[in-house]
Amino acid sequence: MTALPAAPLPQRRAHEGGPLPRYEHFVAGSWMPPGGGRYLESTDPTSAQPWYEFARGDEDDARLAVGAAYEAFHDSSWRDLPQSRRSSLLRRLAGLVHEHVEDLALTETLDNGKLLSEMRGQLASLPAHLHYYAGLAEQLCGETVPGPHPAILNYTLREPLGVVVAITPWNSPLLLTTSKIGPALAAGNTVVVKPSEHTSASVLRLAPLFEEAGFPPGVFNVVTGLGREVGQALVEDSRVAKVSFTGSTHTGSELAASCGARFVRTTLELGGKSPHLVFPGADLDQAAVGIVAGVFAAAGQSCVAGSRVLVPRSLHDELAERVVERARSIRIGDPLEPATQLGQLATAQQLARVEEYVALGVAEGARVLTGGDRRSIAGLAGYFMEPTVFVGGDNRMRLCQEEIFGPVVTFISVDSEDEAIDLANHTRYGLAAGVWTADLSRAHRVAARLDAGTVWINTYRCTSPMSPRSGFKDSGIGIEHSAHSMAEYTRLKSVWVETREGFADDPFVLRT
Ligand code: TXE
């Protein structure tokens, strides 16, 4: 292991004229080169050039990282730390993250191509998330429970689980990492993070801040590499107590099967095909802005992308026109430029996938009103996709059933509230939904009938660490954010005490 210099500063096209900056694993408070000596390159999607290389972890690296986390979990420097101290460590970390927002945001933009303004906003919110979990660390407690007799004391203990593996995707790397490690650490677990192979840099730049904040070595570890290699090895390590994953439904289901066979707990935040339900009398301008925010912000690379618009037949054309007008005025370009509204997709595969879905939609009979093509921008070699609006969709089309994860929205006509709700619920997913209406009763009636973990009414894409996020159906298992998330990272023990000295009951009868 080497001593601990900071991970290299992000720099666009750092490759020109020299070797790429190199990132190692972060294990037990130190940088750890991969045992196999192999590295992968990460590509800046705007230039389509590699800009750093990072460790390609293997089974041995995973074993070392889990070992470090396992030892740290059982070490008294962490195990016996009062909850108030855990809380202050998280608060100190929040302060350090605040100081580094700018370079963390730049790192994420260079890695995933999302707008610098978007990543800045996300990262500026991280300290609030960490302070929130620090507060939960202070409040975590068991309860006393009335027993079958006043002399019997029954109380519960909320205990940490042990080593938590957090596997994260590329679309919002640190925000999604924080949703996992915040409650995990607040509850007293130790963690190993495996970031996406497309965005490994920001969490490595974050890692030394844990040491600076005063977390004992081994409480927070990062290993990088491919999902099928180091990711899978982490999940399969018998010392791991919990796997918390955000990513595709396909991978989530494989992980859940592997964890389920060994009774390892999971929290899964997976894909979506979220609907907007627009009703007569809704403010159509407000709805159009919400639809644009839902699917064109972040170039649609968001789990809650609102990719289906269920709209009364009589309003279909008018609303589609308003969305098209806004879509055509979106400024596509370099995500580092403040004026840009739509950056590129994160990877060449993602662009190819979105293009395939557009072709599929056309073949299935939907009609492109605007967009549909990749876009070239002079001087940039990125993966730009035009904001794309389909009309004449049928909810049974694959276009309307499968997650595209790009700037593509499809309008579907409906003839009644019941039909809108039926179609909204008719997908394998259940992550989020938007309801656009001026009718108060209808708003709440519809919200109650939607199969979605989050329902937004006359707004879209609002989030807070205080509000639960969960996916229904194939969109996931478990809860992130909010006080409820603490249950995901703790186990509940019931302790019974007989306070009567020398008391002995009938040994052959259950004491109820
Ligand atoms: O996801 P994966 P990818 C969806 C979106 C996107 C598609 C593919 O539709 O187009 O998924 O993206 C790790 N054992 N979402 O390929 O494969 C992997 O290294 C252990 C929606 O990025 O699910 C990465 O760190 N780990 C989503 C993470 O899992 C494994 C966000 C996610 O990768 C593994 C991202 C394995 N066998 C993609 N295989 C959302 N809900 O926001 C992969 N990984």
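Where is S307 found? Let's start there, and then walk through the rest of the protein together. One thing to keep in mind throughout: what you see above is a predicted model.

So, S307. Look for strand 14, which covers residues 306-312, and you will find S307 in that strand. Is S307 buried or exposed? Its relative accessible area is 8%, and the cut-off for buried is under 20%, so S307 counts as buried. And what is around it? If we set aside the neighbours within four places in sequence, S307 is in contact with K273, S274, V295, V408, V409 and T410.

Now let's zoom out to the domains. The protein is divided into two parts: domain 1 takes in 22-270 and also 475-493, while domain 2 takes in 274-457. Taken over C-alpha atoms, the centres of the two domains are separated by 31 Å. The domains do meet: 21 residues of domain 1 are in contact with 26 residues of domain 2.

Next, helix 3, residues 83-99.

Which residues of helix 3 are buried? They are R86, S87, L89, L90, L93, A94, L96 and V97. As you read that list, here is a handy rule: an α-helix has 3.6 residues a turn, so residues three or four places apart point the same way. The buried residues of helix 3 pack against several other helices, namely helix 2 (76-79), helix 4 (101-112), helix 5 (116-124), helix 6 (126-139), helix 7 (173-186) and helix 8 (201-213).

Let's follow one of those partners. In helix 6 you will find A134. With a relative accessibility of 0%, A134 counts as buried. Leaving aside its neighbours within four places in sequence, A134 is in contact with S87, L90 and R91. Have a look at S87 in particular: A134 and S87 are 47 residues apart along the chain, yet their C-alpha atoms are separated by 4.2 Å.

On to the ligand. How many residues surround it? There are 26, and the closest are W170, K194, E197, S248 and E403. An N or O atom in the side chain of N171 is 3.3 Å from an oxygen atom of the ligand. For T251, a polar side-chain atom lies 3.1 Å from a ligand oxygen. With L270 the backbone is involved: one of its polar backbone atoms is 2.9 Å from a nitrogen atom of the ligand. Taken alone, the ligand exposes 820 Å², and the protein buries 89% of that.

Last stop: two residues with a backbone angle to notice. Most residues other than glycine have a negative phi. F263, which is not a glycine, has a positive phi of about 60°. H481 is also a residue other than glycine, and its phi is near 65°.

Where do these two sit? F263 lies in the loop between helix 10 (249-261) and strand 12 (265-269), and H481 is in the loop between strand 26 (479-480) and helix 17 (485-488).

Definitions and conventions: Residues are numbered from 1 along each chain as its sequence is written. This is a predicted model: local features need pLDDT of at least 70, side-chain atom pairs count only at pLDDT 80 or more; totals for chains, interfaces and linings use all residues. Side-chain values use heavy atoms; hydrogens and water are left out. Buried means under 20% relative accessible area, exposed over 50%, partly exposed in between (1.4 Å probe, protein chains only). Helices (H or I, at least four residues) and strands (E, at least two) are DSSP runs, numbered from the N terminus. Contact means heavy atoms within 4.5 Å. A residue is near a molecule or strand if one of its heavy atoms lies within 4 Å of it. A polar contact is a pair of N or O atoms within 3.5 Å; within protein, one must be able to donate a hydrogen and the other to accept it, and residues adjacent in sequence count only if both atoms are side-chain atoms. Accessible areas come from the Shrake-Rupley method with a 1.4 Å probe; for residues, only the protein chains shown count as cover. Domain bounds come from an automatic or database domain assignment.
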